[in-house]
Each structure stands twice: as structure tokens, then as C-alpha cells.
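Visitor: I am new to this structure and would like a short tour. Could you show it to me?

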Amino acid sequence: MPYIDVVVVFVVITFILVSLYREWMGAAFTFFIAVLVLGVFKILTPAEILEGFANEQIAVIIMLLLLGDAIRQTSVIEIFFARIFPVSSTYKGFLARMMVWVGGFSAFLNNTPLVAVMMPYVHQWSRRNNISSSKLLIPLSYAAILGGCVTLIGTSTNLIVSGMVIDQDIIPNMAPLEMFDFIWVGLPMLVIGFLYLYFFSFRLLPNRTSAIEDFNDTERKYLVEAEIRSNSGLIGKVIKEVDFKGKYGLLVVEICRGKEIFQIREGNFILQESDVLRFAGDHTNIARLLSDNSDLTVPSVGMMSKLKRSQIVEIVISHNSSLITKQVKDIYFRGNYDSALLAIHRNGERIKGGIDDVKLKAGDVLLLLAGDNFTSHIENEIDFYVISRVKELRKPEKYKIWALFGGTLLAIFLAAVKLVPLFLGLLIVLAMINILKVVSAKDLPKSIDYNLGVIIALSLALGTAMIKTGVADMIANTVIRVFLPFGRVSLLVGIYLITSVLAAYITNKASVAIMFPISITAASNLGLDPMPFVLVVSFAAAANFITPIGYQTNLMVYGPGGYNFKDFFKIGFPLTVIYMVVTITVLSLMYF
């Protein structure tokens, strides 16, 4: 191979590392420029550049992302989390429950939407219990990472490595990675990682107020009325026994029973069916009153609570509105705006009396439950302005939920027992949920991460260039010379360390693209089983704990938790060392 080709490949690798570290441009464009240069110098042919786009694992990653977004859109996980997490009252109780469920789910579902769904519950619980969310958000991200490393589909990194195994031709007839090839390291580390976080999170993590918590402290407080349901567990309870603030995040202002109004000054008031409780609270917690498993119902909502799809919106009454001085009960929200009034906020002023009797003023902020026709009803509206769309609510039919979850799990199971390829199984599930209209066929493609697909495909092309030019062989032999004198185990340690550092400070996709061809070439040159060399790269790249930029979920909690780089290093470095020790030990016992 010409010397110039080797130089070009080394220059391209250096460019990728520096560009990603210095954030000169996005990861996708960085890889595009790199592969373009390789094409211009005729190191790669057009067919080799495009070959990665036909890789089956890229299609599997995209389909898993689509199914993960479909699950998010149905709000099933959100409903499930809402039932699970308010129960815990202690820090360690909440932490354990969170890590178990998030870690378990992330083994089979995309962990990014799981963390996104869970973050609001972390912030709500933190506020209610006066514990900084910075004590919980890093463990949330780490739990998702730990769970994702248990199976082939738990993280895109594992699937990328799987695709590279299929594409490589260094070791002919190498067996592809199976669903549970990762479990021997992933499952023990899931348990060990949970124990580490359970016992050390509180003392290692900072007690820091985030920007979100500062904002929430100043959120507008609404007045909302909720009635005790006929089958409610609140009936007959003394009010001081009920932790409304802990369960709903709402403060009881007064209670209406018939025409009587009771100011709650003592906690001995006994609740009865049909009592109307007036609460003060923010829009996030008011939304929880609409849950089917709530002990309370919002009377003004009526049949709109049965809608399969609705949204909670905030509107402000304009200064020239015809609604000013009108009582709420005289404004037909359902007929005029396809909505129902949930709550009112009046610039910190305490609103007296029932919501129906309130006369609106300019500047009043109303919280509405809006139906599908709300937007069309207000196209030319000047009486109020929409200031935010707080939350979308979905109530899909049970058979659709079973079709989505059952189909996904069945596809994974059939792939695990080698009856139906995962690609074909997921394709069938996607076709089925579109036919059943579980989610909108128009909305589903919006969740495709095109950048991720491009990065993976071009990473495969980079690996091909490293192998063709002999660069992978050169670097592999250098790594062998440095680490092999200390034994085979030290060789795995060296590969793990290099991959982990690249993943932490560049990206895990780039680290895999560079280290996979080096690692498998080292195995080939030494005549060793390539499987531990493949798996060590996958685990080192995916188990990324020491920086916020190395993994997507770390980046998601970085700002909301008010963290800095030192916070991740302080708790993540010991966990990284533990993960490395367990990975090397298990792989050595299994393959050497």
C-alpha cells in the first residue's frame, strides 16, 4: 500500500479526533469530510463509502429508535412511572426504584427517551422532599447506561460493533454477535453498578440547585378545584393523614362541601365523597390530577377526560378581550374552543370563591385541557393568546398498547432464539402499528436520527480504510508490543483504556470506529479468539461515565443537574475502573 495512503489515513484520524474534541463541527459532518478526503485520494471507492448504508444493523438501530419514540408517544411508560415513583418517600427508596426500572427498561428500549421521560419525576420528587435533583440525575443516566450494556439492542454502540463484525473480512466466517452475548459482563455490572450508586451517590454527588429548580421555584401558582371520586381511597380519611403535597405536589387551600366552605386550619377534618378541594399548584402537578388512577377528578373537564388525545395549554387574557368581567361559568369553553378550564392564575393574587364564579381580568392566565379542534377554533382569536403548550396527553386503546409492546418483545424474543431475524421482526412490528394507527404514520419518521445513521455508516467506511491501508495493522502491532509483554489480559486492559478515553472525550461512535479495526486486527495477528477483543471495545465505548460529553444521557442531565465536569469524574471514574476490572476479568475467564 502506498506510503501516501497511510499518511492520509493518519491525518484523517487526527482530524476526526481534534474536530470532535474541539467541537469544530458536528460529528456527522466531521465524518463526512473525513470520508470525502479518503474518497478523493482514492483510498476508498464509492461502493466502499456507500456500503455502510446497506448495513443491516443501521436499519435495526433506526427501527428501534422509531419503536422507542412510538412507545414515548403513547405515554405508556410515563403512565407506568407515574404509578411507580410517587410511592417512595426516602432518597434511597426513590433511587433504588428509579435505577431498577430504568436499568431494566433500557436493556430492551432506547435509553434516551427513558431518561427524558424520567427527568420530570426526578425534579418533582426532589422539590417535594427538599433534596437537590443533582443527587439523582447522574444516577438516572448511569442506570440507563448500565442497563443498555446488558443486551445487543440496549445501546446503539453494541449494534454498531455488531454491524462492524458482519462487515469485517479480517477474520473470515466470524460468528455475528447474538442478543445476549453481552449479558455475562452487562448483568453483573448492572448489579454492581446499582450497589455502588446506592451506597455512594449521596456523598459523592454535589448538593446543587439547577437552573430548572430555580425556574420552578418562581413558576406561577394556579387555583384548581378537584372533587373526591365515589370510589376514592380518600373517603373517610382525616386530612392530616393525606400527603397531598407529596402525592400530587399541590397545597390544599380550602374545602367545599355543598354550600359550606371550610378553611383548613387544623388537620382533623374528615374527607367525604364529593368534597371539592381547592388547591394551589403549578401546571405540571395539576396535569397529574387527570390521571385515571387519581383519587380526585376535575369537575370542569367532564367527558373531555375520555379523549384519546388532548393537550394542556396556557393562555393569557388579552387587554381588549371580550371575556373581561365575564364569569367563567358564562364562557362556554367546550363549545367555543373545544377545551375545558382546569385552573386560573392571577399574578400572585389569591382568588376567592369557586372558579366558576370568577370574573376574568386582563392578564389572567388560564390552564386549559384542549381537544383536537382547539387550534382551528382559535385561529383568529383575539380574546386570548396561547403562551405555552404544557403537555400532550394520550390514551391509546389497550389493544394498541399490547400490539406495540407485545410485538416489540416478541420480535426481540424470536431474534434471541434465532427463529426470525431482528430486522424482519421489527419491520413487521412497525408495519403493524401503522396499520393499527397506534401512532401517526406522518409523525413517526420525524423521530429518525439521520445524523446517527450517517455517523455509523461513515464509521464503517473509515474502518475499511484503516484495514485496506494497513493502518489498523500498524497500530495494532504497536499496542501489542506495548501491552502483550505483560500478558494477554494486559492487552485487553490497554484496548479498554484507549477506547474508554476516546469515548469519554471525543464520542463513543468515533472511539468504536477507530478502535474496532485495531482490536480485531490484534486478535488476528496473535491468532486469538476475536470475541473478547470485539466485546472489550463495545463495553469500553458504551460504559461511559467520566465525562458528560461521552454519552447522550450524560449530556441530557448535565445542564438540568447543574453539574460540571468534575462532578462526573468524581463519581464516574471509580465506576469506570470497576467496570473495566469486571469486564477484563469475565472476558479473560471466558476466552483465555
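Visitor: How many helices and strands are there in the protein chain?

Guide: The protein chain has 24 helices and nine strands. Helices (H or I, at least four residues) and strands (E, at least two) are DSSP runs, numbered from the N terminus. Please note that this is a predicted model, in which local features need pLDDT of at least 70 and side-chain atom pairs count only at pLDDT 80 or more, while totals for chains, interfaces and linings use all residues. Residues are numbered from 1 along each chain as its sequence is written, and side-chain values use heavy atoms, with hydrogens and water left out.

Visitor: Which residues does Ser141 touch?

Guide: Leaving aside residues up to four places away in sequence, Ser141 touches Thr553, Asn554 and Val557. A contact means heavy atoms within 4.5 Å. Ser141 belongs to helix H8 (residues 137-148), and Ser141 counts as buried because its relative accessibility is 0%.

Visitor: Let us change topic. How many salt bridges does a search of the whole structure find?

Guide: The search finds eight. A salt bridge is a side-chain nitrogen of Lys or Arg within 4 Å of a carboxyl oxygen of Asp or Glu. One of them joins Glu225 and Arg278, at 2.9 Å from N to O. Glu225 lies in strand E1 (residues 222-228) and Arg278 in strand E4 (residues 276-281), so this pair ties together parts 53 residues apart in sequence.

Visitor: Are those two buried or exposed?

Guide: Glu225 counts as buried, at 16% relative accessibility, and Arg278 counts as buried at 6%. Glu225, Glu254 and Arg278 are linked in a network of salt bridges.

Visitor: Which residue forms a salt bridge with Lys418?

Guide: That residue is Glu178, with the closest N and O atoms 3.8 Å apart. The pair links distant parts of the chain, 240 residues apart: Glu178 is in the loop between helix H9 (156-167) and helix H10 (183-204), and Lys418 is in the loop between helix H16 (398-416) and helix H17 (422-435). Glu178 counts as partly exposed, at 27% relative accessibility, whereas Lys418 counts as exposed, at 61%.

Visitor: Now the surface. Which residues make the nonpolar patch?

Guide: Tyr3, Ile4, Val7, Val11, Phe29, Phe32, Leu36, Val40 and Phe41 make a patch of about 920 Å². Helix H1 (3-22) and helix H2 (27-40) are the elements that give two or more residues to it. Patches are made of residues with over 30% relative accessible area and no salt bridge: like charges are joined within 9 Å, nonpolar side chains (Val, Leu, Ile, Met, Phe, Trp, Tyr) within 5 Å. Accessible areas come from the Shrake-Rupley method with a 1.4 Å probe; for residues, only the protein chains shown count as cover.

Visitor: Where is Tyr3 found?

Guide: Tyr3 is found in helix H1, and Tyr3 counts as exposed because its relative accessibility is 67%.

Terms used
Buried means under 20% relative accessible area, exposed over 50%, partly exposed in between (1.4 Å probe, protein chains only).
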